[in-house]
Amino acid sequence: MLVVHALWVEGRVGLWAEEAGRALAGLNLDGDTGIAAERTLRLPTRDRRPEPWPAVAAGARLRPWPVATVEYEPDDALGLLRGLPGLAGEDIALAQSTEWFVSLAEFAATLVARGRMLPAIVGPQARWAPVLTGRDAAHARALALALPSAALAATPGVTRAAAVAEALDAFVDAAARPEREDGIGWLTALTGRDRRLPGDVPPALAERLAAWEADAVGGSVRACFRLVEPPEPEAGEEPAPDPHWTLEFALQAADEPTLVVAAERVWRSRGALKALQRHIPAPQETLLAELGRASRLYPALEDALREARPVALRLDTDGAHRLLSENAPLLAAAGFGVVLPGWWRKASARLGARLKIKDGGGGTAPGTVATDSGLGLGAVVDYRWELAIGDEPLSEDELRRLSELKAPLIRLRGQWVELDPRRLAEGLSFIERHREQEAMTVADLLNLAGGAAEGPGGLPVVEVAADGWLGDLLSGEAELRVGDGDVPAGFRGELRPYQRRGLNWLRFLEAAGLGGILADDMGLGKTVQLLALLAGAAPGPTLLVCPMSLVGNWQREAAKFAPDLRVHVHHGADRARALDPADFDVVVTTYAVATRDADALAAVPWHRVVLDEAQAVKNAATKQAAAVRRLPARHRIAVTGTPVENRLADLWSIMEFANPGLLGSATKFKERFAEPIERDGDAEAAARLRRITQPFVLRRVKTDRTIISDLPEKLEMDVVCSLTPEQASLYQAVVDDMLARIESSQGIERRGLVLATMTRLKQICDHPALALRDGSRLPGRSGKLARLEELAEEILAAGERALIFTQYAEFGGMLRAELSARFGREVAFLHGGVPKAARDALVARFQEASPSSPPLFVLSLKAGGTGLTLTAANHVIHVDRWWNPAVEDQATDRAFRIGQRRAVQVRKFVTAGTVEEKIAELIAGKRGLARQIVGTGEGWLTELSTADLRDLLTLDPAAAVSA
């Protein structure tokens with residue numbers, strides 16, 4: 001396997017490669033334009049040999065190595081990079097640095113395609129420069145943060161921001177140039193590959209270019225345009241043959257679109273205007289200047305500018321249509337405010353196709369198991385197409401009459417609609433030729449309903465209607481619409497109303513031959529719903545794959561709620577590779593075993609395959625994800641308490657298991673959904689994806705009182721602790737040392753130094769003995785330990801119980817010994833090294849809540865954060881922070897779940913004046929954003945500049961140190 005890397009060096013893109021076995025190889029993908037060179041790159045090194053990048057092995061440090069490269073000027077690199085993804089395969093892989101350059105090249109091409117560039121004079125050259133505002137500027141900043149260190153291996157002194165700015169400028173300039181030279185004088189330098197100016201730049205030209213740049217970027221206040229449609233005729237009146245539309249003018253705050261002052265008020269103002277919550281000393285001049293700036297993009301405004309005090313522009317229907325379809329997007333892209341009638345962006349305002357399913361499987365009853373291939377995503381549906389505008393179907397005669405009107409906009413049955421001649425012609429052509437229909441599957445139907453595919457002739461699909469089980473599926477509310485079947489006789493227990501709905505939803509999908517993702521919030525009883533489903537009669541066995549830590553839990557829960565099920569655990573060195581389906585109802589195995597025994601398990605004709613904690617297969621490229629996708633089954637269920645919307649590649653991987661092919665290939669999914677949503681924030685693409693996936697994802701949360709009303713409250717609070725003088729001294733010493741060393745480090749060496757420093761600082765905040773590892777005494781040396789002992793004393797005095805989480809197993813052992821000695825009570829301790837049998841015994845003893853069972857349970861976050869029910873505790877204490885809200889919530893939900901009868905108090909320890917307090921404020925203030933920024937723990941910190949790290953880590957002695 002050849003891994004292709006990319007880097008930015010001396011204004012060019014350099015490519016180099018490495019092969020398995022760490023051997024460096026030269027690379028030449030285009031011998032005509034590539035320049036062979038040898039560069040000294042700082043690469044991860046261990047045992048005097050370069051390591052694959054990024055190196056994860058301990059001991060790898062950056063060292064200089066001579067590397068053969070092939071380098072390309074931006075004009076040649078742009079097309080080469082955009083074509084590289086097509087070369088990736090079994091023999092060639094693209095490194096992260098190369099993928100980053102591909103993304104940058106695509107971004108540059110997108111900017112040029114949208115006209116977001118301006119001519120500029122840079123020294124003796126004429127160049128095209130990107131115009132970055134709004135979402136584009138944010139995306140450029142995100143690209144700078146994501147720039148891999150490998151891309152700067154040849155230029156370690158260059159900052160990420162400078163490298164991105166230089167490369168983006170070069171790519172935009174390359175993308176904006178036509179292939180042939182066209183123009184005279186300085187214009188020639190903007191079209192060909194020769195960028196040199198023919199002579200000195202006239203001062204007037206330089207001033208004009210500066211004015212263009214100012215126009216493109218704009219200021220804090222901008223012009224806003226609002227299109228008002230003609231009034232509807234009174235009853236009995238004939239509509240005007242050519243009604244007048246009105247484009248109203250206003251001033252608008254650029255950073256707060258809701259702050260708008262109409263032009264009439266601007267002209268009535270005397271002097272300064274404060275209505276936009278900022279001082280505008282000359283609002284009238286500002287409005288005129290903004291209208292003049294806009295007139296360069298929309299020349300029709302020049303008619304209004306002939307007036308002394310312009311407030312609006314009157315338009316005929318053709319002019320209104322040109323504004324809606326052509327000028328308004330240009331004005332919005334240039335930074336002006338544009339407010340259009342709400343109907344314009346709706347599909348109902350245009351000619352579209354409506355899909356009617358003739359037989360939606362109305363006879364299929366929920367709970368009926370599908371055993372043939374007549375159902376499922378590949379099932380063929382009987383359908384017919386109709387043409388319509390909005391809710392109004394159109395006959396062929398009506399369509400011909402509309403096409404004869406030759407008007408771009410008409411009022412049809414009380415609503416304005418667009419009559420696009422091209423679409424009208426497509427509609428007529430469709431009616432004439434669409435006598436014979438192509439086959440359509442359920443998967444095709446779902447993609448059409450979700451808007452991810454076009455209708456016939458490229459017409460938009462404005463409605464998809466079906467009855468029966470397909471109608472229930474398309475509604476997105478199958479959980480509420482499917483019938484209420486009986487709970488199987490083999491199930492021993494009571495199901496809450498929402499759990500019965502979940503059971504019926506799973507039966508409904510099973511009957512339809514479809515898979516699903518049960519994504520209920522932690523503690524809402526996903527296991528119980530699955531066991532109720534498993535307890536029903538099935539024509540074949542079920543394979544249940546879960547993490548090792550949950551195997552015992554499934555055994556216990558099955559024995560309790562479905563004792564008639566024959567449960568077999570497929571695990572251990574003595575497990576039988578050949579499985580006889582007649583010997584069991586449910587086989588429980590782990591992800592690791594399912595990967596190793598993939599062939600043996602794939603030989604069994606499973607009726608159902610269930611993945612518990614399905615986030616284990618969120619990375620589609622892993623062996624275990626590939627192994628479980630190979631397992632044959634008529635019904636597939638993925639179970640996860642973590643919402644699947646957070647990372648779209650994860651959603652694709654899990655859905656590819658549950659319903660193979662529903663979301664297309666990984667590449668198509670990335671193009672159609674992942675990139676538009678994650679890169680551009682495309683709300684329309686997000687809505688399409690939600691419509692396609694919603695029928696197959698059931699997500700309920702504990703905080704929704706319509707779901708569950710008898711769960712006690714969860715009270716969360718930060719507990720601010722002070723540092724002792726010893727802690728403060730150690731903390732400051734580590735910060736000073738790190739900031740001094742980081743100045744001379746780069747790349748992976750710098751990353752490793754930052755992460756090691758964070759770990760050490762957090763350990764100091766816990767206790768000096770944890771950071772020093774000197775076996776010294778614990779009492780009196782830690783503000784957190786003192787506060788923990790105070791809380792523990794109160795909890796024990798009240799006869800209550802607590803879970804105490806720490807991410808450091810070593811510190812958990814210290815706490816267990818100290819708390820046990822301090823209070824003379826047994827303290828339980830669970831960490832990753834506890835065997836399964838001992839783990840189960842610990843949990844059982846704690847849940848007994850008897851006088852002899854331990855009232856305090858110390859757990860390492862990784863070992864005890866998932867898969868346990870510990871409702872005997874009504875206090876949860878996080879001694880240190882993982883800086884990942886989802887992980888902390890998972891740990892808290894060990895106590896805050898069904899079965900809990902008391903309010904749960906959650907305390908999160910934070911040391912004042914330290915990095916802990918600053919990041920806790922970020923998480924508390926912007927929790928949704930924090931999931932994206934700090935969602936993977938502390939890795940994001942390694943990308944901060946030295947100045948930012950200094951601000952984040954600097955100790956505030958006045959706040960931090962206890963008296």
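Let's start inside the protein, where L531, L534, L544, W554, A558, L565, V567, V586 and V588 line the largest cavity. Here a cavity is a set of points, on a 1 Å grid over the protein atoms alone, where a 1.4 Å probe fits but cannot get out, and lining residues have an atom within 4 Å of a point. The model is predicted, so local features need pLDDT of at least 70 and side-chain atom pairs count only at pLDDT 80 or more, while totals for chains, interfaces and linings use all residues. Residues are numbered from 1 along each chain as its sequence is written, and side-chain values use heavy atoms, leaving out hydrogens and water.

The volume of this largest cavity is about 30 Å³, where a volume is the space filled by probe spheres set on the points, joined across faces, edges and corners. Searching the whole structure gives one cavity of 30 Å³ or more. Helix 16 (526-534), helix 17 (551-561) and strand 26 (586-590) each give at least two residues to the lining; helices (H or I, at least four residues) and strands (E, at least two) are DSSP runs, numbered from the N terminus. The lining has nine nonpolar residues, no polar and no charged, with Ala, Val, Leu, Ile, Met, Phe, Trp, Tyr, Cys and Pro counted as nonpolar, Asp, Glu, Lys and Arg as charged, and the others, Gly among them, as polar.

Next, find a pair of helices. Helix 24 (residues 725-742) packs with helix 25 (residues 747-766) at an angle of about 175°, their axes 9 Å apart. Axes are lines fitted to C-alpha atoms, for helices over the stretch in contact, and angles run from 0 to 180 degrees between N-to-C directions. Helix 24 is therefore roughly antiparallel to helix 25, a term for angles over 145 degrees. Among the residues making the contact are L730 and V734 of helix 24 and L753 and L761 of helix 25; contact means heavy atoms within 4.5 Å. By class, the contact residues are 11 nonpolar, two polar and four charged.

Finally, look for the open sheet, whose six strands run in the order 30-35-34-31-33-32 with parallel pairing. Two strands pair if DSSP finds at least two bridges between them. At the edges are strand 30 (714-721) and strand 32 (827-830), each pairing on one side only. Helix 28 (residues 809-823) lies across strand 31 (802-806), strand 32 and strand 33 (856-860), at about 170° to strand 32.

Conventions:
Parallel < 35°, antiparallel > 145°, perpendicular 65-115°, else oblique. 1 Å grid on protein atoms, 1.4 Å probe; cavity = no way out; pocket = protein on both sides within 12 Å on 5 of 7 lines; lining within 4 Å.
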